[in-house]
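Work through the exercises below with the sequence and the model open beside you. Each one sets a task and then gives a solution in steps.

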Amino acid sequence: MRRRLEIQCEDETRSLGKGSCPPGPVPEGLIRIYSMRFCPYSHRTRLVLKAKGIRHEVVNINLRNKPEWYYTKHPFGQIPVLENSQCQLIYESVITCEYLDDAYPGRRLFPYDPYERARQKMLLELFCKILDYQNTTYFGGDCISMIDYLLWPWFERLDVYGIADCVNHTPALRLWIAAMKQDPTVCALLIDKNIFQGFLNLYFQNNPQAFDFGLP
Amino acid sequence: MAGVSARSMARGSAPPGPVPEGLIRVYSMRFCAFAERTLLVLNAKGIRHEVININLKNKPDWFFKKNPLGLVPVLENSQGQLIYESAITCEYLDEAYPGKKLLPDDPYEKACQKMVFELFSKVPSLVASYLRRRDKEDCSGLKEELCKEFSKLEEVLNNKKTAFFGGNSLSMIDYLIWPWFERLEALELNECVGHTPKLKLWMATMRKDPTVSALHIDVKAFQCFIELYLQNSPEACDYGL
């Protein structure tokens, strides 16, 4: 348990709510993500930050009790939002992921080939509609890539939501889930089932303590 | 017979052959706003292409092999690769073809264009709802929603202080949103830009662009198409030919 918290410590901070002080400017060499520990959309961006080894800081936002200053980061107070040291703000989870892939060197998550890039984007669109589109180990081919990270957060939560049965009839998808759980990036950000259950219980009661469940 | 003004292909038609080398094919429909996005980009970038129009009220079976969703636009190249979803086709063309880049290279500027695209995203479904309901019920609520969405775009222009949504020259985001603004007059929705002067000015400037004006749709023709389309007439897509 302690080892998991050590690995995840940069994400595991108390959320900021109403009355909190706005964080200062983002230091050079770092990018900031406004996030929430249990949100699947910001989970996408955190997966990409981790997979690309991008130095970042996390500011968690209390989504039921948003700080007033947060609306200067996003007009509707949504997460995730990226903020860099030039004060540029980027939001919409898929846009943040693509921005990170474009702006940071190193491991490329989207393929280079324009057709393969288009194919991943089409897949994302079809996400909910066509599950038998996949005929390789990962959605992008034989190696894990952007599309896998973009889809992953929902599948990780299937278990907790108690609807893991919905992949019973899709063996390829079950295999994909198993393969994803072997990925070091996915593992590093895996949410503990009990902690997530605790969050959900409080969340559905509209309890603002929900977002900090499991923190010391 | 392939061409932007060709009769559409319908049920029972023979599937077209492979796409010749050096050409890209777009499956389209003359009045479709989504397909117009792709045509705008093809023309803006000077990409050699052929157009096959699809009768959307009587689709050929073979078309579902091109796009399982049976929607236009779809791109097909000489390697048999298929790309669909209008915004994805546009980005694909910008990446795969040389010449003038419509999306900026700078990652932040590119992200900004995509954020504006998100701001626009409710407009197509609002317009579609309006079309379906305007003869049956009071649509003032819908018009108000449309006005609200347009004010968001007005705010972008106010903040950027540029003539276009991507800066001082026309770029991808302008082409992506244009087809709905082009249709406002025909749909009698011009009042929705009544309180957005910068947006109105942008519309006037867009009309002067050679690519935009080359693909201009006659107001009356579009109105007749809409009437036939809402009646599910198989003649709709070929109106005027």
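**Exercise 1.** Leaving aside its neighbours within four places in sequence, which residues is Thr162(B) in contact with?

Solution. This is a predicted model, in which local features need pLDDT of at least 70 and side-chain atom pairs count only at pLDDT 80 or more, whereas totals for chains, interfaces and linings use all residues. Residues are numbered from 1 along each chain as its sequence is written, chains are lettered from A and ligands numbered from 1 in the order in which they are written, and side-chain values use heavy atoms, with hydrogens and water left out.

Begin by locating Thr162(B), which sits in the loop between helix H6 (140-160) and helix H7 (172-182) of chain B; helices (H or I, at least four residues) and strands (E, at least two) are DSSP runs, numbered from the N terminus. Then apply the contact criterion, heavy atoms within 4.5 Å, which gives Leu157(B), Gly167(B) and Asn168(B) as the partners of Thr162(B). The side chain of Thr162(B) also reaches the backbone oxygen of Gly167(B) at 3.5 Å. Finally, Thr162(B) counts as buried because its relative accessibility is 18%, and buried means under 20% relative accessible area, exposed over 50% and partly exposed in between (1.4 Å probe, protein chains only).

**Exercise 2.** Which salt bridges cross between the chains, and which residues do they join into one network?

Solution. Side chains of opposite charge can pair when their charged atoms come close. A salt bridge here is a side-chain nitrogen of Lys or Arg within 4 Å of a carboxyl oxygen of Asp or Glu, and the rule finds five across the interface of chain B and chain A. One of them pairs Asp102(A) with Lys110(B), whose closest N and O atoms are 2.9 Å apart. Another pairs Lys114(B) with Glu98(A) at 2.8 Å between the closest N and O atoms, and it runs from helix H4 of chain B to helix H3 (residues 93-103) of chain A; both of these residues are buried. Glu91(B) and Lys121(A) also meet in a salt bridge, at 3.0 Å from N to O, which links helix H3 of chain B to helix H4 (residues 114-126) of chain A. Glu91(B) is buried at 10% relative accessibility, and Lys121(A) is buried with a relative accessible area of 12%. Through shared partners, Glu98(A), Asp102(A), Arg117(A), Lys121(A), Glu91(B), Glu95(B), Lys110(B) and Lys114(B) form one network.

**Exercise 3.** Where do Lys73(A) and Glu83(A) lie in chain A?

Solution. Lys73(A) forms a salt bridge with Glu83(A), with the closest N and O atoms 3.0 Å apart. Lys73(A) lies in the loop between strand E2 (56-60) and strand E3 (81-83) of chain A, and Glu83(A) lies in strand E3, so the pair ties together parts that are 10 residues apart in sequence. Both Lys73(A) and Glu83(A) are buried.

Notes: A polar contact is a pair of N or O atoms within 3.5 Å; within protein, one must be able to donate a hydrogen and the other to accept it, and residues adjacent in sequence count only if both atoms are side-chain atoms.
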